[in-house]
Amino acid sequence: MVDSTVLKTTSSYLEEIAEGKGKSEFEGLILQGLELIHVGKGVLRCKLLVTDRVAGEDGAWHAGVMTAVMDSIGAAAVYSTGDGLNSSLDLNSSFYSRAKIQETVEIEARVNGSNGGLKSVVIEIRRETSGEIIATGRLWMSPLSVKVIPNVSALLSKL
């Protein structure tokens, strides 16, 4: 069972970003105004109002920004499993429709499997009004670990 502290930390982290108080300026830009609906073990649901700050040249939500949102929300869903920090390895995105500025979307990220230490997350972005799928993503994440090598100079090439 996941410690409730992990779920509270996940919620607090995303709420700080949504309020513009997070440590990442970029995440603050793309997730400003995020409203959490549900945070559970490996599942995250939220709403987001698409603003002109994230618009492309065509006046719709920029596909690159949608992909970055999928990465951030997917990473938070993986963190909510209680297995610590992870790093994105692969993210595939499919776009089916465009979200307009001032449109509210619903985002759901669900950890749906693992292979060894790797975790797989499926992310869906839907229109709040109709439930129509705007975009989907599949994210693979790996545990983030830092290994200290005591005598690194012995491993360096002498060439």
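Which residues does Tyr79 touch, not counting residues up to four places away in sequence? In this predicted model, Tyr79 touches Val6, Thr9, Thr10, Gly84 and Leu85, where contact denotes heavy atoms within 4.5 Å. Residues are numbered from 1 along each chain as its sequence is written, and side-chain values use heavy atoms, with hydrogens and water left out. Because the model is predicted, local features need pLDDT of at least 70 and side-chain atom pairs count only at pLDDT 80 or more, whereas totals for chains, interfaces and linings use all residues.

The secondary structure of the protein chain comprises three helices and six strands; helices (H or I, at least four residues) and strands (E, at least two) are DSSP runs, numbered from the N terminus. Along the sequence these elements follow the pattern α-α-β-β-α-β-β-β-β. Of the 159 residues in the protein chain, 37% are buried. Here buried means under 20% relative accessible area, exposed over 50%, and partly exposed in between, with a 1.4 Å probe and protein chains only. Among contacts in the protein chain with a separation of 6 or more, 64% come from residues 24 or more positions apart.

Helix 1 spans residues 4-18 and contains 15 residues. The distance from its first C-alpha to its last is 21 Å, close to the 21 Å expected at 1.5 Å a residue; the expected span is 1.5 Å times one less than the number of residues. The buried residues of helix 1 are Val6, Thr10, Ser11, Leu14, Ile17 and Ala18. Viewed down the axis of helix 1, these buried residues fall within an arc of 135 degrees, so they line one face of the helix; the arc is that of the directions from the helix axis to the C-beta atoms. An α-helix has 3.6 residues a turn, so residues three or four places apart point the same way. The buried residues of helix 1 pack against helix 2 (25-30), strand 1 (35-40), strand 2 (43-49) and helix 3 (63-79).

Ser4 also belongs to helix 1 and, at 43% relative accessibility, counts as partly exposed. Its C-alpha atom is separated by 9.4 Å from that of Gly40, 36 residues away along the chain. Just after helix 1, Gly20 adopts a positive phi of about 80 degrees.

Helix 3 has 17 residues, which should span 24 Å at 1.5 Å a residue; its end C-alpha atoms are 24 Å apart, in agreement with that value. The buried residues of helix 3 include Val65, Met66, Ala68, Val69 and Met70. Further along helix 3, Ser72, Ile73, Gly74, Ala76, Ala77 and Val78 are also among the buried residues.

The axes of helix 1 and helix 3 come within 9 Å and cross at roughly 160 degrees. Axes are lines fitted to C-alpha atoms, for helices over the stretch in contact, and angles run from 0 to 180 degrees between N-to-C directions. Helix 1 and helix 3 are therefore roughly antiparallel to each other, given that angles under 35 degrees count as roughly parallel, over 145 as roughly antiparallel, 65 to 115 as roughly perpendicular and the rest as oblique. The crossing of the two helices is right-handed, a term applied if the near helix is turned clockwise from the far one by less than a right angle, with anticlockwise giving left-handed. The contact is made by Val6, Thr9, Thr10 and Leu14 of helix 1 together with Ile73, Ala76 and Tyr79 of helix 3. Tyr79 counts as partly exposed at 25% relative accessibility. Between Tyr79 and Val43, 36 residues apart in sequence, the C-alpha to C-alpha distance is 9.9 Å.

Among the strands, Leu91 is placed in strand 3 and counts as partly exposed at 25% relative accessibility. Leaving aside neighbours within four places in sequence, Leu91 is in contact with Thr67, Asp71, Arg138 and Leu139. Leu91 and Trp140 are 49 residues apart in sequence, yet 6.5 Å apart in space, C-alpha to C-alpha.

Ser120 is found in strand 5 (residues 118-127) and counts as buried at 3% relative accessibility. Not counting residues up to four places away in sequence, Ser120 touches Arg110, Val111, Asn112, Gly113, Arg138, Leu139 and Trp140.

The loop between strand 3 (86-95) and strand 4 (104-115) contains Gln102. Although not a glycine, Gln102 has a positive phi of about 70 degrees; at 53% relative accessibility, Gln102 counts as exposed.
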